[in-house]
4 protein chains.
Amino acid sequence: MGLPFILLNYKTYLQGTGQEAVKIAKACQAVSEESGIEIAVAPQLPDIYRVALEVDLPVFSQHLDGIGAGSFTGQIFGGSLKAAGASGTLINHSEKRLTLAEIEASLNAAKKFGFKTVICTNNVPTTAAAAILEPDYVAIEPPELIGTGIPVSKADPEIVRASVKAVSSLKPEVKVLCGAGISKGEDLKAALELGAKGVLLASGIIKAEDPKAALEDLISLV
Amino acid sequence: MGLPFILLNYKTYLQGTGQEAVKIAKACQAVSEESGIEIAVAPQLPDIYRVALEVDLPVFSQHLDGIGAGSFTGQIFGGSLKAAGASGTLINHSEKRLTLAEIEASLNAAKKFGFKTVICTNNVPTTAAAAILEPDYVAIEPPELIGTGIPVSKADPEIVRASVKAVSSLKPEVKVLCGAGISKGEDLKAALELGAKGVLLASGIIKAEDPKAALEDLISLV
Amino acid sequence: MGLPFILLNYKTYLQGTGQEAVKIAKACQAVSEESGIEIAVAPQLPDIYRVALEVDLPVFSQHLDGIGAGSFTGQIFGGSLKAAGASGTLINHSEKRLTLAEIEASLNAAKKFGFKTVICTNNVPTTAAAAILEPDYVAIEPPELIGTGIPVSKADPEIVRASVKAVSSLKPEVKVLCGAGISKGEDLKAALELGAKGVLLASGIIKAEDPKAALEDLISLV
Amino acid sequence: MGLPFILLNYKTYLQGTGQEAVKIAKACQAVSEESGIEIAVAPQLPDIYRVALEVDLPVFSQHLDGIGAGSFTGQIFGGSLKAAGASGTLINHSEKRLTLAEIEASLNAAKKFGFKTVICTNNVPTTAAAAILEPDYVAIEPPELIGTGIPVSKADPEIVRASVKAVSSLKPEVKVLCGAGISKGEDLKAALELGAKGVLLASGIIKAEDPKAALEDLISLV
């Protein structure tokens, strides 16, 4: 199946804020180097610069507005993310939903800066629609499972399988990530068996007592 | 009248992105030290950390969500701003409007971290309503003048005068800033004569060929 | 204390949709005529016309956008509400929050058509801020109590008392309504004793097996 | 090419508000009966009931929220639209944009009530993405042309042609409407020649001195 892609969303967890963001990123880097598995981190916006300075991993933004340089106070401009060291972004996370027109604009803005892009979606039809826009990844996350610790790969395997099928028939170059409730090695293994190319996860690692050990468990069955 | 407070909003201008954000902040610091006038800078979110590391000025965020630590992907958490070195924030800028409930929540979140707060408003009634919430400052910016180079202190002095009057009768400890179109020394002087305690400005300095000279002109009549 | 004002929000309850909206309004009219108490109804937008045709009660909209005639597809224009027979509107209900600038614009649009206005708020500071804008009423509804059946007048009497105090000191002509969880006669009585001039209620009447009996119970202790 | 579908969006134009909405709908009905061309009208929400009572044409809503019966104050519930006589809806008009998840939920809500559905989009990629969700129609409207009187079929024929091509290769049963700037017979003819199956139009008819004559001109070359 090839090695999976692991994207770690820090959300606004205290355990991943400020200098803690760097510590967790260093744990990710160690595990990535030991295993050869690509791990990317998505810390909070004010932490991107310091994380990117101190680790050699892809650093993603949690959000990017589809705007350029100009009069956009408080919005997230790709140019400033790039300058801070980011190389990818989440788009349309369930906690930061965008209009369809904004998703497309955000994707264009991200591509302009050479970013890897992950559009988050909530069910099979929206996953298929997002794939049409040609991001690098779509991440299917049924909202009712986010943050529950119940992995989508177990609770609703059909949604992952159907998403993979829909995407591969429409845009085979777009890869599917599996989100929502992923934290253990068996969750990742199940996701990959369903056709996902990786996972988007958050609390299972960030809030773990030992994030490095949690990451090692996550990849233990790959 | 006392010395004014000057708050410089970088918006997403290319001229103030990344390392340029630091250069402009250093110009602000030099002018502040020469003049004794308090100048604060509000760079883009990913630039807050590097600006705060390199200058000794109050660094503001352009936005703060009224949320805490937790599952708030892509939102702006006060704790991460604080960790990055911020000490204040704009709230409800015309380019990032919030609901009334969100403004109040944002203000509470900001106060929890000891931040100075500036609520932006668009006319006299909304300025009065914002003052009731007891931020440190309200910044009155008629949207039709933002970015025009036409100073509100000249184009619509009555809106500034009426805002100052309304605020001082309701909440005398809340100070009024004058935004929209401010860039020259005479604009600042006019604003202060109308009762404002300072200005919120952006393009006139950030996009100036020589930001330091532009700042020196701005304060030349005080 | 004078007679209270009762405003019945139909939300999108099936029991108050279409011709059912008219039936409930007729029950309100009967109770209003028997008791002399002013009752206003706020059915869904597509039902305003038929309700206004068939009853002689104030008919409120559940929302009004702060826009005029023009290119505002899907938005709610005061002129069309007026033409349909509405004479008042809720603004900023917790299920339809607006920015501060939009609240003010909505209020202006409503006043232009001579509408009675009720701004909904969530706590004491936002109630005070809303009162500054001078609607006819502010309706304080702690979001955590909405739809619970637990009356705010019992669960959190202090929030009602403090809202009344804040509003009467700032804008004595603005009246406070008590929302969230109100359904019984004792809830209304408690609200009025705390200084409210009426109540905003919904499920307790609309979803009652016998709405007329529920209304009669509601006003039984006044 | 078959007869086109004409959908008339009243926006919040004064000329189509209240009883005027009925007058224009009657003109549409007369032209539809004379020509055999299907014309549907999308008046403002409070006017749907009276229009549906008085004409025998499909009546569309300008918006539908993806919610059901329940606690959704101020939102637009399919059940109340159905009860008022609507049989179709616009979704995601440029003046009422929705998130991708909301578009999908709105579409499902509309289908539950047997409504015809038109998703509005702004460019070729978003048109293709919307088509994946399988509405009856997608209406491509470049925002920069809306309300200009410059027909998209002339100003940017390629966007129409490319939309038709993308949609027919992905979901051949979904039909493309051409919006933005359409008002004359030659605009409609050009749209149909580019592969559109109809048009979505507004000011050209609603604000015409003689709407019936304007409609007759619109269909004169078909």
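A residue is called buried here if 20 or more other C-beta atoms lie within 10 Å of its own, exposed if 12 or fewer do, and partly exposed in between, with C-beta atoms placed from the backbone. Keep that in mind as we walk through this predicted model, in which local features need pLDDT of at least 70, side-chain atom pairs count only at pLDDT 80 or more, and totals for chains, interfaces and linings use all residues. Residues are numbered from 1 along each chain as its sequence is written, while chains are lettered from A and ligands numbered from 1 in the order in which they are written.

Let's start with B:Asn92. With 29 C-beta neighbours inside 10 Å, B:Asn92 counts as buried. This residue has a positive phi of about 70 degrees although it is not a glycine. You will find B:Asn92 in the loop between strand S4 (88-91) and H4 of chain B; helices (H or I, at least four residues) and strands (E, at least two) are DSSP runs, numbered from the N terminus.

C:Lys11 sits in the loop between strand S1 (5-9) and helix H1 (19-35) of chain C, and it counts as buried because it has 27 C-beta neighbours inside 10 Å.

Now turn to where chains B and C meet. The contact takes 16 residues from chain B and 17 residues from chain C, two residues being in contact if their C-beta atoms, placed from the backbone, lie within 7 Å. On the chain B side, helix H4 (100-112) and helix H5 (124-132) each supply at least two residues, and H5(B) gives the largest share, six residues.

Look next at one helix pair. The axes of H4(B) and helix H5 (residues 124-132) of chain C come within 10 Å and cross at roughly 130 degrees; axes are lines fitted to C-alpha atoms, for helices over the stretch in contact, and angles run from 0 to 180 degrees between N-to-C directions. That makes H4(B) oblique to H5(C), since angles under 35 degrees count as roughly parallel, over 145 as roughly antiparallel, 65 to 115 as roughly perpendicular and the rest as oblique. From H4(B), the contact is made by B:Leu100, B:Ala101 and B:Glu104, and from H5(C) by C:Pro125, C:Thr126, C:Ala129 and C:Ala130.
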